[in-house]
Amino acid sequence: MLAIKLLDHQLQACAFSIDKRAVYNGSSCGTGKSYFALAMIELWKPMRVLLVAPKSTCNQWRQYWNEAWAHPRTIGFCNLSDQPINSRRETLVKLGINSC
């Protein structure tokens, strides 16, 4: 259960996305894409989530993640930015992400 309150436009995006296999949210900065993504994690209940984001946003994502859930959930970060492209693929495959 989410511990954050979504804004109307975020709820509309969730309603649009709920029955989709995948979605892309290309909204502008500051519109709440992160909270939308967290809401979709709650709604879709995936086994794993791959979040692709700039390294500079990891601390912010960790904060959002901790704020979002009424009950704590585990999160791990894997920094791929300092690795050559082949090493990145190998790391993702080891994590079980095979469609790279």
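Q: Which residues of H2 are buried?
A: In this predicted model, the buried residues of H2 are Ser34, Phe36, Leu38, Ala39, Met40, Ile41 and Glu42.

Q: And what do the buried residues of H2 pack against?
A: They pack against two other helices, namely helix H1, covering 8-17, and helix H3, covering 58-68.

Q: How does the span of helix H2 agree with what it should be?
A: Helix H2 runs over residues 33-44, and at 1.5 Å a residue its 12 residues should span 16 Å; the C-alpha atoms at its ends are 16 Å apart, which agrees with that expectation.

Q: Back to Ser34, why does that one count as buried?
A: Ser34, which has its place in helix H2, counts as buried because its relative accessibility is 18%, and the cut-off for buried is under 20% relative accessible area.

Q: Which residues is Ser34 in contact with, leaving aside its neighbours within four places in sequence?
A: With those neighbours left aside, Ser34 is in contact with Trp61 and Tyr64.

Q: What about Leu43, where is its place?
A: Leu43 also has its place in helix H2, but with a relative accessible area of 45% Leu43 is partly exposed.

Q: Which residues form the nonpolar patch on the surface?
A: The patch is formed by Leu43 together with Phe16, Ile18, Val23 and Trp44, and these residues together have about 450 Å² of accessible area.

Q: What follows H2?
A: Lys45 follows H2, and this residue is found in the loop between H2 and H3. The phi of Lys45 is near 50 degrees, which is a positive value in a residue other than glycine.

Q: Is Lys45 buried or exposed?
A: Lys45 counts as exposed, because its relative accessibility is 55% and the cut-off for exposed is over 50%.

Q: Changing topic, how many disulfides does the structure hold?
A: The structure holds 0 disulfides.

Q: How exposed are they, starting with the relative accessible area of Cys29?
A: Cys29 has a relative accessible area of 78% and is therefore exposed, whereas Cys58, with a relative accessible area of 26%, is partly exposed.

Terms used:
Residues numbered from 1 in each chain as written. Predicted model: local features only at pLDDT ≥ 70, side-chain atom pairs only at ≥ 80, totals over all residues. Heavy atoms only, no water. Helix = DSSP H or I, 4+ residues; strand = E, 2+ residues; numbered from the N terminus. Expected span 1.5 Å × (residues − 1). Buried < 20%, exposed > 50% of the residue type's maximum accessible area, 1.4 Å probe, protein only. Contact = heavy atoms within 4.5 Å. Patch = residues over 30% accessible without salt bridge, like charges linked within 9 Å, V, L, I, M, F, W, Y side chains within 5 Å. Areas by Shrake-Rupley, 256 points an atom, 1.4 Å probe, with all protein chains shown as cover. Salt bridge = Lys/Arg side-chain N within 4 Å of Asp/Glu carboxyl O. Disulfide = S-S within 2.5 Å.
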